[in-house]
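Subject: Structure for you to look at

Hi,

Here is the structure I promised to pass on. Please open it first, then read my notes below.

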Amino acid sequence: MKSYQFEEYGEELVENVAAEPSVAGGQVLIKISACGVCHSDIHIWEGYFGLGGDKKLDIKGKRKLPFTLGHEIVGEVVAVGPDVTSVKVGEQHVVYPWIGCDECPTCDAGNGHLCNRPRALGVDVDGGYSDHLLVPHEKYLLDYGDLPKELACTYTCSGLTAYSAIKKVKPLADNGTLMIIGCGGVGLAGMAIVKSVTNAKVYVADIDPDKRQAGLDAGAEAAFDPNDRDQFKEIMRLTNGGVNAAIDFVGAESSARFGASILAKAGRLVIVGLFGGNFSLPLPMFPIKAIGIEGSMVGSLAEMHELMELAKAGKLNALTLDERPMNEAYNALTDLQKGNVVGRVVLKN
């Protein structure tokens, strides 16, 4: 089994070869055909999340090195354990990576993605920058129909993350207005999904003019530079005092502050991005405007099934993909780190 791994945090990915895993019990072995590259891969590779100023959340103690990144995975079943009943060798599947302990109340409630003892592929255990992957149970494999495999794999993180966040704001956004902040890979995934979930008027904001244009090309009503005070005034004019909901796909100090500032009364900001930092808001503004701010982390297995049904039914818009060979994993990671990517990078075997 060939994998592209980091042996020290922040160091270049190297090609390592190991024995192909064997299956037991309900396990399934997948031959990986494609794997998306996600911004959260950068944080895992660096070993921390920025908390603002010089503060960092160290996550280096969670995993063994060398480590294989990658959680947007699609591939072919090449071996199954004796307890597997619904998956057969030769089938093609996407892999739901947000796996919990399967023993706690959170997992029992269908929220394994929020488990306190996670086993997420490419996050806590080895993932998809490889040619093979051992999946712990067949229930984490989903059919993707006639979708291109390069597109299908992106739905397991960027697509699912966007879908779950949009569902959270749907009650407020329906028949109202929604601002998508950040037109990177996940933000554009949100743009591809949003019209299948809500009838809101959708606007986008990004500091990069090329990404603003990408948001417009994806169907936004208008695009704004969040650093431009005159454009802030235009947002407030267009929306009669603010948007009903905003989703921050960046998660930086400036993007969260902007998102909170453009909310109408009773509006809600959902923060998805993990860029890092902190921001403050005067406490009286919460009751005065009756606003809410919450976080959203990926999505449940049930939501993954919902999203795949929408995708297979052709109800999602096109998504810009940047396809590269698997052996360019390190260059793809650093390009994403530098902000030199529009759309979603997908590595292919």
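A contact here means heavy atoms within 4.5 Å. Take the contacts in the protein chain between residues at least 6 apart in sequence: 69% of them join residues at least 24 apart. Keep in mind that this is a predicted model.

Now the overall build. The protein chain has 11 helices and 18 strands. Its radius of gyration is 20 Å, close to the 20 Å that the globule rule gives for 349 residues, so the chain is as compact as a globular protein of that length. The C-alpha trace spans about 60 × 45 × 40 Å along its principal axes.

Next, the surface. Of the 349 residues, 52% count as buried. The chain exposes about 15200 Å², and carbon and sulfur atoms supply 50% of that. There are 33 positive and 44 negative charges, and their mean positions are 7 Å apart.

Last, the rings. A search of the whole structure finds five aromatic pairs. One of them joins phenylalanine 6 and tyrosine 9. Their ring centres are 5.1 Å apart and their planes are at 50°, so this pair is tilted. Both residues are buried. Phenylalanine 6 also pairs with phenylalanine 67. That pair is tilted too, with 5.9 Å from centre to centre and 55° between the planes. It links distant parts of the chain: phenylalanine 6 lies in strand β1 (residues 2-6) and phenylalanine 67 in strand β6 (residues 67-68), 61 residues apart. Phenylalanine 67 is buried, with a relative accessible area of 2%. Together, ring pairs link Phe6, Tyr9 and Phe67 into a cluster.

Best wishes

Key:
Residues are numbered from 1 along each chain as its sequence is written. This is a predicted model: local features need pLDDT of at least 70, side-chain atom pairs count only at pLDDT 80 or more; totals for chains, interfaces and linings use all residues. Side-chain values use heavy atoms; hydrogens and water are left out. Helices (H or I, at least four residues) and strands (E, at least two) are DSSP runs, numbered from the N terminus. The radius of gyration is taken over C-alpha atoms; the globule rule is 2.2 Å times the number of residues to the power 0.38. Buried means under 20% relative accessible area, exposed over 50%, partly exposed in between (1.4 Å probe, protein chains only). Accessible areas come from the Shrake-Rupley method with a 1.4 Å probe; for residues, only the protein chains shown count as cover. Lys and Arg count as positive and Asp and Glu as negative; His and the chain ends are not counted. The place of a charge is taken as NZ of Lys, CZ of Arg, CG of Asp or CD of Glu. Rings of Phe, Tyr and Trp (its six-membered ring) pair if their centres lie within 6.5 Å; planes under 30 degrees apart count as stacked, over 60 as edge-to-face and the rest as tilted.
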